[in-house]
Amino acid sequence: MDTRSSGQDTRTPMPSEHGTVMAEFPSATEADVQSAITDALEAKQAWGEMSFHDRAAIFLRAADLVTGKYRYELMAATMLGQGKNVWQAEIDAAAELADFFRYNVSFAQEIYDKQPTVNSPSHHGRTDWRPLEGFVYSVSPFNFTAIGGNLVSAPALMGNVVVWKPAPMNVYPSYLVHQILLEAGLPEGVVQLVNGDAETITRTVLAHREFAALSFIGSSDVFRSICAQIGQGLGEKRYREFPRTVGETSGKNFHLLHPSADVQNAAKHSVRAGFEYAGQKCSALSRMYVPQSQASTFFSEMKKELARIEVGPPEVFSAFTGPVIDQKAFDRVSKAIDTSNEDDRLERIVGGTYDGSKGFFIDPTIYVSKVPDHPLFDTELFGPVLIAYVYPDAEFDRVLELIDKQGGGLALTGNIFSNDQRAIRKAEDRLRYAAGNFYINCKITAAVIGQQTFGGSRGSGTCDKAGSSGLMMRFTAPRTLKEEYNKLEEVLYPSNI
Ligand SMILES: NC(=O)c1ccc[n+]([C@@H]2O[C@H](COP(=O)([O-])OP(=O)(O)OC[C@H]3O[C@@H](n4cnc5c(N)ncnc54)[C@H](O)[C@@H]3O)[C@@H](O)[C@H]2O)c1
Ligand SMILES: N[C@@H](CCC=O)C(=O)O
């Protein structure tokens, strides 16, 4: 792949066939990153002064290119590069990417429309929704082509320039997204795509005085480490302004069944949420709490559904789910499986096997824990492995406390299955901070832009909500203006005279 970077080449494998190279690209050196920042800042003034309608036109045109001319190329890149099946690739690389481009235009419009509603007869007030003064640094994860598109379009639509660093395993789809934006009319300098060593690029970016915001999606620990570096820079007065930190990160997401739940429905939803895209959605299910009275039916329903599921490469259309992303993920998840298979506190219900000979394939796996506090309830594995706790029906209140406490400090998605409205109310109240996205009688994946804004709190992120004007708001520095029409005739107050 041809980019402006001049460092050593990196090769990334295809997850479903690791002997095949998916992408080969040069890594950005410190000098490449410096010149990307310089070029972005040079493009800044003209871009910030372009009317919103002209900026919007570029992203709306890009949305049409995504759903039209480039739809299948983007989907193919996402299938081969991320190991998604065709269904998941369509959701991500075509539908959600185009939705982000289109909806972000309306979210931005919502912000620009916010103007003072009251003006006294002698003056008029306005809000100037300025872009941030420096540049935005966007860092995107491997698992969604659409997410990179959002991390770029949200700040750019608000008039900002962006240095964009995608995950190595998403370099090719991100490159396509960048090319689409350029074809749609985005001026060359506005979005600078830089690939390469994450730490080198980040260090160089964070050393720059004009660094104005971090827009990050990825794991909680990496976000924390970048925030810590920004904190150090703040302490040293390295930056002109206080950089914004926007981050959506990891999850240890739960399904809770109440004794009144429709167990067949819950089982089907749990199979989808836990195992679609090999459990590699940040929203994916990874811990379940099941009442004793429902456990046997629930697990046999899940096993029945799982028996129909095929694990395979993206070109096999009958495969429901595919590989995990890379060797590191395969090692992490397979090691957890090996340890769990030997753990007396866990009963394996299904799976517990894997095959990395050709691609990074791991079979859907479920463990039931005999203890309520197994460490797996607190660890994000980011793979197709679920852990369940079976609770006595009478201890619903206690299990709510347990759910709230567990999850490794993460609070992204969660749900309840119940046909008892009082139980739903109780769970909604007691678990108020346990998930940024809480679902009732449906699975916890697949938030739809324009319908469910997305993002968690606690260690899962800053909860600015992708798919909303809340996120876009973080990329503006509103200026308040007041224009007065009458002269000031007197310094003294009437009460002074
Ligand atoms: N909450 C959300 O909306 C959301 C969405 C998608 C993924 N995720 C989370 O992302 C993770 C999976 O994605 P991933 O494996 O790409 O995450 P990751 O944290 O490994 O990488 C994310 C990005 O950070 C970069 N990065 C990695 N180490 C870095 C470092 N030391 N300094 C600076 N940058 C660094 C990567 O190159 C990549 O661009 C999971 O934890 C998942 O839950 C969250
Ligand atoms: N927004 C997606 C998840 C994105 C994270 O990987 C969902 O709701 O399933």
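The model is predicted: local features need pLDDT of at least 70, side-chain atom pairs count only at pLDDT 80 or more, and totals for chains, interfaces and linings use all residues. Residues are numbered from 1 along each chain as its sequence is written, while chains are lettered from A and ligands numbered from 1 in the order in which they are written.

Start with the overall division. Domain 1 covers 3–249 + 461–482, and domain 2 covers 253–440. These bounds come from an automatic or database domain assignment. The C-alpha centres of the two domains lie 32 Å apart.

Now look at where they meet. Here 17 residues of domain 1 are in contact with 18 residues of domain 2 (contact: C-beta atoms, placed from the backbone, within 7 Å). On the domain 1 side, β2 (17–26), α3 (71–82) and α4 (86–112) each give two or more residues. The largest share, 3 residues, comes from α3. Helices (H or I, at least four residues) and strands (E, at least two) are DSSP runs, numbered from the N terminus.

Next, find L256 in strand β9 (residues 253–257). Is L256 buried or exposed? L256 is buried, because 26 other C-beta atoms lie within 10 Å (buried: 20 or more; exposed: 12 or fewer; partly exposed: in between; C-beta atoms placed from the backbone). Leaving aside neighbours within four places in sequence, L256 is in contact with Y289, I403, N415, I416 and A427. L256 and I403 are 147 residues apart in sequence, but 8.6 Å apart in space, C-alpha to C-alpha.

Finally, turn to ligand 2. Among the residues around ligand 2 are N143, K281, T445 and F454 (around: C-beta atom, placed from the backbone, within 6 Å).

Key:
Two residues are in contact if their C-beta atoms, placed from the backbone, lie within 7 Å.
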